[in-house]
Amino acid sequence: MSETAGAASFSKLGFAQGQIIQEFGYDDDVDDDLRFELEDVIGSELEDEDFNDGADGVVLWYRDGDDDLVDLLVDGLTKLFDKGFIVLITPKAGRPGHVEASDVEEAASTAGLVTGGQVNVAREWAATRLMPPKGPRR
């Protein structure tokens, strides 16, 4: 069983009861306990990649070597309602598939997003909240 961060960490990341959250990047290595805990926080199951309605947030599991991160972030943005956000979940340092913070920052900036800090959410995984910049877009 994994050690997950709990509801307080999900709240820091922007998750709340009643939100529609779409998940991308699901694979055999994801932390199912973390997923179930998130579903408890939002009060429903996570929507899969084929979900075509809008979402309040996107969870993106990403490992070094997956598809282009910028493209995945832009794809996630197209699914969001106004004021939506993306939570990028990556392997922690020293774990297979770890993604450097500088790579996350660069991809987020290229996709037009700003980072909101990283939170440890499980033994093997860390999460970074990404959102559009505040204020009008140019």
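Analyst: **Charged side chains and their setting**

At 52% relative accessibility, Ser109 counts as exposed, a label given over 50%, while buried means under 20% and partly exposed lies in between (1.4 Å probe, protein chains only). This is a predicted model, in which local features need pLDDT of at least 70 and side-chain atom pairs count only at pLDDT 80 or more, while totals for chains, interfaces and linings use all residues. Residues are numbered from 1 along each chain as its sequence is written, and side-chain values use heavy atoms, leaving out hydrogens and water.

Ser109 belongs to helix α4, where helices are DSSP runs of H or I with at least four residues and strands are runs of E with at least two, numbered from the N terminus. Ser109 and Leu130 are separated by 21 residues in sequence, and their C-alpha atoms lie 9.7 Å apart in space. Helix α4, which covers residues 101-110, also holds Glu106, and Glu106 is exposed, with a relative accessible area of 54%. Together with Asp64, Glu100 and Asp103, Glu106 forms a negative surface patch; patch residues have over 30% relative accessible area and no salt bridge, with like charges joined within 9 Å and nonpolar side chains (Val, Leu, Ile, Met, Phe, Trp, Tyr) within 5 Å.

Across the whole structure, 5 salt bridges are found, each being a side-chain nitrogen of Lys or Arg within 4 Å of a carboxyl oxygen of Asp or Glu. Arg63 pairs with Asp29, and their closest N and O atoms are 2.8 Å apart. Because Arg63 sits in the loop between β2 and α3 (69-77) and Asp29 in the loop between β1 (21-24) and α2, this pair ties together parts that are 34 residues apart in sequence. Arg63 is buried, with a relative accessible area of 9%, whereas Asp29 is partly exposed at 38%. Arg63 also meets the side chain of Asp66 in a salt bridge of 3.0 Å, N to O, and Asp66 is partly exposed at 31% relative accessibility.

Elsewhere, Glu124 and Arg95 form a salt bridge whose closest N and O atoms are 3.0 Å apart. Glu124 lies in the loop between β4 (114-120) and β5, and Arg95 in the loop between β3 and α4, so parts that are 29 residues apart in sequence are tied together by this pair. Glu124 is partly exposed, with a relative accessible area of 35%, and Arg95 is partly exposed as well, at 27%. Glu23, Asp32 and Arg35, in turn, are linked in a network of salt bridges.

Lys83, found in strand β3, has a positive phi of about 65° although it is not a glycine, and Lys83 counts as exposed at 83% relative accessibility.

How values were computed: Areas by Shrake-Rupley, 256 points an atom, 1.4 Å probe, with all protein chains shown as cover. Lys, Arg positive; Asp, Glu negative; His and termini not counted. Charge placed at Lys NZ, Arg CZ, Asp CG, Glu CD.
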